[in-house]
Amino acid sequence: MAVQETSSSPAPVSAESRTLDASDRILQEITAVLRHLEAMDLKITELSAASASIRTDIACFSEQVADLAQHLSTVEDHIGMLPEHDAEPQSLRGKITDLEDWSRRDNVRFFGILEQKEGTDIKLFFQSLLPEITGLTILPPLEFQRVHRIGPPRSISSGRPARSLHVSA
């Protein structure tokens, strides 16, 4: 028996077969490029829609900014008028000061009256003390709106002078 030699080399490829393979590859690449272009076209369409929406928003914001600028201008004009009205509070302050001073004219302060001499009713004490101080008999007894001392109580032994006695007629 004789062994036949087989060649391990591939069968020869024809030129026509090579051309078909190259054409298939080119066709596949063109198809891939077309798919890529279609995807890009979709993205461009989406971007165009988003761009249109942004343009609409910008137009709306531009209108709002114009309205706000007009409102700001109006407010600034009104603020410019305010210093003209500043004289009115000054005159009112002067009137308040006059009224406060006028109400104080009925107030009298007495110094040197020992503390704790008045007992529990300071008004009654002062009504009886006033004729002693002046030496006059006052009939009917005077009515006082308010009689009081200012500050914390002081003891006689503290050595500090007695608090003043304030009387409002």
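Leaving aside neighbours within four places in sequence, Glu-115 is in contact with Arg-149, Pro-153, Arg-154, Ile-156, Ala-162 and Arg-163, where contact means heavy atoms within 4.5 Å. Glu-115 lies in the loop between strand 1 (107-110) and helix 3. At 6% relative accessibility, Glu-115 counts as buried; buried means under 20% relative accessible area, exposed over 50%, and partly exposed in between, with a 1.4 Å probe and protein chains only. The side chain of Glu-115 also reaches the backbone nitrogen of Arg-163 at 2.9 Å. The model is predicted, so that local features need pLDDT of at least 70 and side-chain atom pairs count only at pLDDT 80 or more, whereas totals for chains, interfaces and linings use all residues. Residues are numbered from 1 along each chain as its sequence is written, and side-chain values use heavy atoms, with hydrogens and water left out.

The protein chain has 3 helices and 3 strands. Helices (H or I, at least four residues) and strands (E, at least two) are DSSP runs, numbered from the N terminus. Along the sequence these elements follow the pattern α-α-β-α-β-β. Of the 169 residues of the protein chain, 10% count as buried. The accessible surface of the chain comes to about 14,700 Å², and 60% of this belongs to carbon and sulfur atoms; the areas come from the Shrake-Rupley method with a 1.4 Å probe, and for residues only the protein chains shown count as cover. Among contacts between residues at least 6 apart in sequence, 49% join residues at least 24 apart.

The strands form an open sheet of 3 strands in the order 1-3-2, with antiparallel pairing. Strand 1 and strand 2 (146-149) are the edge strands, each pairing on one side only. From one strand to the next, the twist averages 20 degrees. Two strands pair if DSSP finds at least two bridges between them. Strand 2 is joined to strand 3 by 4 bridges, and strand 1 pairs with strand 3 over 4 bridges. Val-167 in strand 3 is the bridge partner of Val-108, and Val-147 also stands opposite Val-167. His-148 stands opposite His-166 in strand 3. Helix 3 packs on the sheet and touches strand 1, strand 2 and strand 3, its direction making about 100 degrees with that of strand 2. For such angles, axes are lines fitted to C-alpha atoms, for helices over the stretch in contact, and angles run from 0 to 180 degrees between N-to-C directions.

Both faces of strand 3 are covered, with Leu-165 and Val-167 buried on one side and His-166 and Ser-168 buried on the other. The largest nonpolar core has 10 residues: Ile-113, Ile-122, Phe-125, Phe-126, Leu-129, Leu-130, Phe-144, Val-147, Leu-165 and Val-167. Helix 3 (122-134) and strand 3 (165-168) are the elements that give two or more residues to this core. Helix 3 gives the most, with 5 residues. A nonpolar core is a set of buried Ala, Val, Leu, Ile, Met, Phe, Trp, Tyr and Cys residues joined through side-chain atoms within 4.5 Å. Not counting residues up to four places away in sequence, Ile-122 touches Val-147, His-148, Arg-149 and Leu-165.

Technical notes
A polar contact is a pair of N or O atoms within 3.5 Å; within protein, one must be able to donate a hydrogen and the other to accept it, and residues adjacent in sequence count only if both atoms are side-chain atoms.
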